[in-house]
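Here's a quick briefing to read alongside the model. Take a look at the structure first, then work through the points below.

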2 protein chains.
Amino acid sequence: MPTQSRAKVIRIADLKHACSSCSVRELCLPMGLDHDDLARLDTIINRRQYVPAGQHLYRARDRFQSLYAIRTGFFKTYDLSNEGGEQVSGFHMNGELMGLDAISSDAHACNAVALENSEVCVIPFDQLEELFHEVPMLQKHFHKIMSREIATDHRLMMVLGTMTAEERLASFLVNLSERQTARGYSPAILRLGMSREEIGNYLGLTLETVSRMFSGFQENGLVQVERRNLAITNLAALRQLAGCAGTTR
Amino acid sequence: MPTQSRAKVIRIADLKHACSSCSVRELCLPMGLDHDDLARLDTIINRRQYVPAGQHLYRARDRFQSLYAIRTGFFKTYDLSNEGGEQVSGFHMNGELMGLDAISSDAHACNAVALENSEVCVIPFDQLEELFHEVPMLQKHFHKIMSREIATDHRLMMVLGTMTAEERLASFLVNLSERQTARGYSPAILRLGMSREEIGNYLGLTLETVSRMFSGFQENGLVQVERRNLAITNLAALRQLAGCAGTTR
DNA sequence: CGCGCTGTTGAAACTTGTCAAAGTTTGTGG
DNA sequence: CCACAAACTTTGACAAGTTTCAACAGCGCG
């Protein structure tokens with residue numbers, strides 16, 4: 001990626017204006033803000049954090065102070081039940097906000113781990129709430145983001161509650177594809193950042209079932225899959241299976 | 001219920017101060033507000049709406065203007081997939097807010113129907129957002145409510161994604177029991193306001209499986225069930241099955 | 001009184017999970 | 001550089017849990 005080598009020449013002065021120069025600003029918190037409001041938001045987002053693949057950004061019960069916006073990279077969040085059972089609650093791409101479920105209790109409700117080398121913007125929540133008074137657009141947009149999270153979760157509940165294994169996996173791939181597209185990447189070429197086990201856990205299936213479904217999709221010419229590299233060869237058919245659900249996140 | 005006959009002598013003057021006199025105010029939006037702030041909230045919540053059993057409060061794609069707080073009664077919300085598949089996304093008791101998933105798109109994302117005669121307070125969202133500037137406590141609390149909704153959904157995802165039929169139903173009953181308790185009702189006596197089919201749909205099971213599980217619980221002395229009247233006779237065992245999850249909503 | 005809705009129960013069928021084995025890739029240390 | 005271990009993936013056979021199909025009972029209602 002050319003972006004990586006270019007990153008080396010970014011100066012401190014540029015870093016201070018993080019949002020203004022961020023490639024995913026139109027997907028993220030600053031969406032729709034004008035220049036002045038963007039500058040005000042930048043004043044409170046003055047810290048970034050690098051999270052190497054495999055490291056946790058936060059864990060359940062950690063004290064909640066900040067939301068995190070993913071600048072680059074890929075995360076998964078997961079909950080632990082009291083018996084140690086694990087449930088993957090989401091996979092998160094650049095431009096998405098993490099930690100929204102922690103506001104209610106001042107402690108993180110789930111665990112967040114980087115699946116690849118990632119960088120996040122740290123957004124102190126107290127300061128953000130104060131900023132809402134000065135920047136009503138920002139407040140409105142924040143409410144929309146939280147609401148969208150709820151709506152997204154409801155769609156996943158639909159997936160888990162009503163769909164077969166085949167439909168679940170199709171729905172998962174369509175969703176990934178759409179989110180890639182929204183970021184300007186190819187809708188067909190997906191690099192799965194997670195294992196079969198993590199996909200299965202997320203979809204309420206076993207890793208073996210996921211593997212079998214992938215093989216089935218490949219036999220039917222829907223995808224070409226080779227470990228974690230996947231090419232969608234018949235997106236329409238996948239959509240059909242997924243229930244056409246326009247699940248753009 | 002004695003409350004019902006008493007309601008008849010409430011005067012217009014009292015109605016204007018809805019929240020101040022509401023029995024569930026400590027579970028609802030006004031939680032933790034002082035007298036003055038409560039009065040300000042009351043100025044924007046000046047409409048109540050009676051919803052008879054079986055009637056819809058809103059439907060998916062309806063224009064979003066207001067949130068609804070349940071004053072009395074019981075609702076279910078459900079989503080429809082493109083093929084007409086239905087997924088019950090929640091059951092809602094007095095003191096709970098509905099419509100939070102609609103903020104993101106200015107249109108309701110799901111359908112809400114009263115399962116018994118109910119009354120809701122209409123909360124114009126535009127006015128609520130404006131009020132946040134004057135009443136920071138209210139804003140903080142609203143964010144917590146939205147966040148709690150997200151956390152609650154994640155728990156349901158855990159239920160749907162990892163639990164057996166038995167565990168799901170146990171978890172469902174424990175959750176209902178805890179919510180009743182929070183409202184000062186008995187933790188053991190539940191009147192299920194919904195059919196087996198609706199429970200099953202919510203939990204990702206068929207109505208037959210739900211029925212069988214109820215029978216099984218009864219045989220093992222965990223509950224006594226007779227149509228929609230249910231008494232929990234061994235809450236500890238149910239909790240055990242549910243994974244002890246303290247799922248207070 | 002009969003009809004419809006809801007709930008219960010049984011038997012068979014099917015999807016998915018479980019267990020097991022083997023192949024592949026990646027990383028590590030000699 | 002090679003050997004080996006560890007993690008991940010695929011595939012098969014079988015078991016189990018849940019759904020599907022079907023019949024019937026109870027309750028409420030016109």
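A word on classes before we start: Ala, Val, Leu, Ile, Met, Phe, Trp, Tyr, Cys and Pro count as nonpolar, Asp, Glu, Lys and Arg as charged, and the others, Gly among them, as polar. Keep in mind that this is a predicted model.

**Around DNA strand D**
- There are 18 residues around DNA strand D, and the ones that come nearest are Ser195(A), Ser211(A), Ser215(A), Ala165(B) and Thr209(B).
- Sorted by class, the surface near DNA strand D comes out as seven charged, six polar and five nonpolar residues.

**Around DNA strand C**
- DNA strand C also has 18 residues around it, with Thr164(A), Thr209(A), Ser195(B), Ser211(B) and Ser215(B) coming nearest.
- Here, at least two residues each come from H8 of chain A and from helix H7 (196-203) and H8 of chain B.
- H8(B) gives the most to the surface near DNA strand C, namely six residues.

**Where chain A meets chain B**
- The contact draws on 39 residues from chain A and 39 residues from chain B.
- On the chain A side, strand S5 (86-93), helix H4 (125-134) and helix H5 (136-162) are the elements that give two or more residues.
- H5(A) supplies the largest share of that side, at 18 residues.
- By class, the side of chain A that touches chain B has 15 nonpolar, 15 polar and nine charged residues.

**Helices H6 and H9 of chain A**
- The axes of helix H6 (residues 165-182) and helix H9 (residues 235-242) of chain A come within 8 Å and cross at roughly 125°.
- H6(A) and H9(A) therefore count as oblique to each other.
- The crossing of H6(A) past H9(A) is left-handed.
- On the H6(A) side, the contact uses Glu166(A), Glu167(A), Ala170(A), Ser171(A), Leu173(A), Val174(A) and Ser177(A). These meet Leu235(A), Leu238(A), Arg239(A), Leu241(A) and Ala242(A) in H9(A).
- The residues of this H6(A) and H9(A) contact split into seven nonpolar, two polar and three charged.

Key
Residues numbered from 1 in each chain as written. Chains lettered and ligands numbered in written order. Predicted model: local features only at pLDDT ≥ 70, side-chain atom pairs only at ≥ 80, totals over all residues. Near = placed C-beta within 6 Å. Helix = DSSP H or I, 4+ residues; strand = E, 2+ residues; numbered from the N terminus. Contact = placed C-beta atoms within 7 Å. Axes fitted to C-alpha atoms, helices over the stretch in contact; angles between N-to-C directions. Parallel < 35°, antiparallel > 145°, perpendicular 65-115°, else oblique. Left-handed = near helix turned anticlockwise from the far one by under 90°.
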